Amino acid sequence: MRDSSPVPPRAAQLSRRAALGLAAALPLAAASPASAATPVIGGERLARADVQVRGATGLPKRLTARSWLVADHQSGEVLASYHAHTHLAPASTLKMLFADTVLKNFERTERHRVTDADLADIPAGSSMVGVKPGITYTVEQLCLGVFLRSGNDAVHVLSHMNGGLARTIAQMQAKAQDLQALDTHVVSPDGFDHKGQVSSAYDLTLFARHGLADADFRAYCHTKTANFPAGGKKTFQIQNTDRLLTGAWGVPTYDGLIGVKNGYTSNAGNTFTGAATRGGRTLLVTVMHPKSGGSGVYEETAALLDWGFKEGAKARSVGTLVDPLSEGGASAAPTGKAAKAAAGAPATAADGGGSSSWGLVGGAGGAVALLAGGAYAWRRRRRVVGDEVEAPEGRQERQDGQDDGQERHQG
């Protein structure tokens, strides 16, 4: 059973502005381009500016994405990449990190009656699943709203259930640090565009790989349609906005696709991380900000998956998806004098040209502890063995989930 300890009053009273401000204030070590003192997470080749591939040919010729990566899910080997560590706005793909962080904190059957306060701090222009105050939802229904419709309303309700926005943001940043996703700076739990909120193709792939080890995460991201409460005994159907999974908007479904998560904002563009299994092998592909709008991000993902299952079988590793520190992963973060020298450097959102790695150092741990205050008992994650089975704050932007060929959601 989930610990029923009351939420600390101070945390519960934090406004959205305060929550975002506290998150943005988390000290980040903005290391300059990788060097011997600041090793590149996953291998030094991943910091190079050109396409990285060894032992294989035939990569798709018309890739327009600013960053992409292909990796083997089981071994963690990076088979090919381009600007893997470039800092870009993640949009709703950041919800993978949200799920990695909060799913373990609740039982699927846990119920919550939504209040006006739960929905008071959702950014204008967000994608919504249709959560309404006064209706009681299960955690499973809210999670389906997150994965299928990229609902920021569902994210905010779950965040409030988790102790508030500030607490959830702090936990997400701490989770990113544990996963060694050091390119990621979390400002909002839903992925809605905010100044300084960035991630990378490498980090998004880490989030997906970690999430797919959880049975609930895997089930949610693979669900095509679901019935969502509308009050009383009424429901309405929601459909997953992942076009490679559903075949929406004329995009062919991808044979063997598992999920994982798409994202779009009018400021950030399209982002997608997909996973598929063929012939007993599972591949992960992340594509960030292709020039082509609409379905381009899915087309480029499918092309990279095709390459990975064919020519990629000959590829030799150009890097590695590292293991979480909590699961025995070796730390590649700067230590000692290098960490102290990096601390205090201002954190800035990349414009596409950077390939540095960020890490939480010094006072960040204290900030996380301060924001996280209160005692909660976390349950062990449910795992699946093997490989079977989307602007600056205040700007109103469209985000995933729309029915006009783009997705409506700042996140």
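Author: Buried means under 20% relative accessible area, exposed means over 50%, and partly exposed lies in between. This is a predicted model. By that rule, 58% of the chain's 411 residues count as buried. The chain holds 12 helices and 13 strands, and its accessible surface is about 16200 Å², with 52% of that belonging to carbon and sulfur atoms.

Reader: Why is Gln52 called buried?

Author: Gln52 has a relative accessible area of 3%. The limit is under 20%, so Gln52 counts as buried. Gln52 lies in strand S2, residues 52-53.

Reader: Why is Arg45 called partly exposed?

Author: The relative accessible area of Arg45 is 22%. Buried needs under 20% and exposed needs over 50%, so Arg45 falls in between. Arg45 sits in the loop between strand S1 (28-30) and S2.

Reader: What makes the link between Arg45 and Gln52 a polar contact?

Author: Their side chains are joined at 3.0 Å.

Reader: What makes Asp214 a cap of H8?

Author: A side-chain oxygen of Asp214 lies 3.0 Å from the backbone nitrogen of Asp216, at the N-terminal end of H8. The pair is an O and an N within 3.5 Å, so the distance meets the limit for a polar contact.

Reader: Which residues of H8 are buried, and what do they pack against?

Author: In H8, residues 215-222, the buried residues are Asp216, Phe217, Arg218, Tyr220 and Cys221. They pack against helices H3 (95-102), H4 (139-149), H7 (201-211) and H9 (243-246), and against strand S9 (257-265).

Reader: Which residues touch the most other members of the largest nonpolar core?

Author: Val131, Tyr202 and Phe217 do, in a core of 65 residues. H4 supplies the largest share, 7 residues. A second, separate core has 25 residues, including Leu59, Tyr254, Leu257 and Tyr298. In soluble globular proteins, nonpolar side chains tend to be buried together.

Reader: What is Phe217 in contact with, leaving aside neighbours within four places in sequence?

Author: Its contacts are Met96, Ala99, Asp100, Leu103, Phe147, Phe207, Ala208, Gly211, Leu212 and Val260.

Reader: How do you know that strands S7 and S8 pair?

Author: S7 (residues 225-231) and S8 (residues 234-239) share 6 bridges in the antiparallel sense. Pairing needs at least two bridges, so the two strands qualify. Asn227 has Gln237 of S8 as its bridge partner. The two strands form a hairpin with 2 residues between them, and Gly232 in the turn has a positive phi of about 65°.

Reader: Which residues form an aromatic cluster?

Author: Tyr137, Phe228 and Phe236 form one. Rings pair if their centres lie within 6.5 Å, and by this rule the count is 6 aromatic pairs.

Definitions and conventions
Residues are numbered from 1 along each chain as its sequence is written. This is a predicted model: local features need pLDDT of at least 70, side-chain atom pairs count only at pLDDT 80 or more; totals for chains, interfaces and linings use all residues. Side-chain values use heavy atoms; hydrogens and water are left out. Buried means under 20% relative accessible area, exposed over 50%, partly exposed in between (1.4 Å probe, protein chains only). Helices (H or I, at least four residues) and strands (E, at least two) are DSSP runs, numbered from the N terminus. Contact means heavy atoms within 4.5 Å. A polar contact is a pair of N or O atoms within 3.5 Å; within protein, one must be able to donate a hydrogen and the other to accept it, and residues adjacent in sequence count only if both atoms are side-chain atoms. A nonpolar core is a set of buried Ala, Val, Leu, Ile, Met, Phe, Trp, Tyr and Cys residues joined through side-chain atoms within 4.5 Å. Accessible areas come from the Shrake-Rupley method with a 1.4 Å probe; for residues, only the protein chains shown count as cover. Rings of Phe, Tyr and Trp (its six-membered ring) pair if their centres lie within 6.5 Å; planes under 30 degrees apart count as stacked, over 60 as edge-to-face and the rest as tilted.
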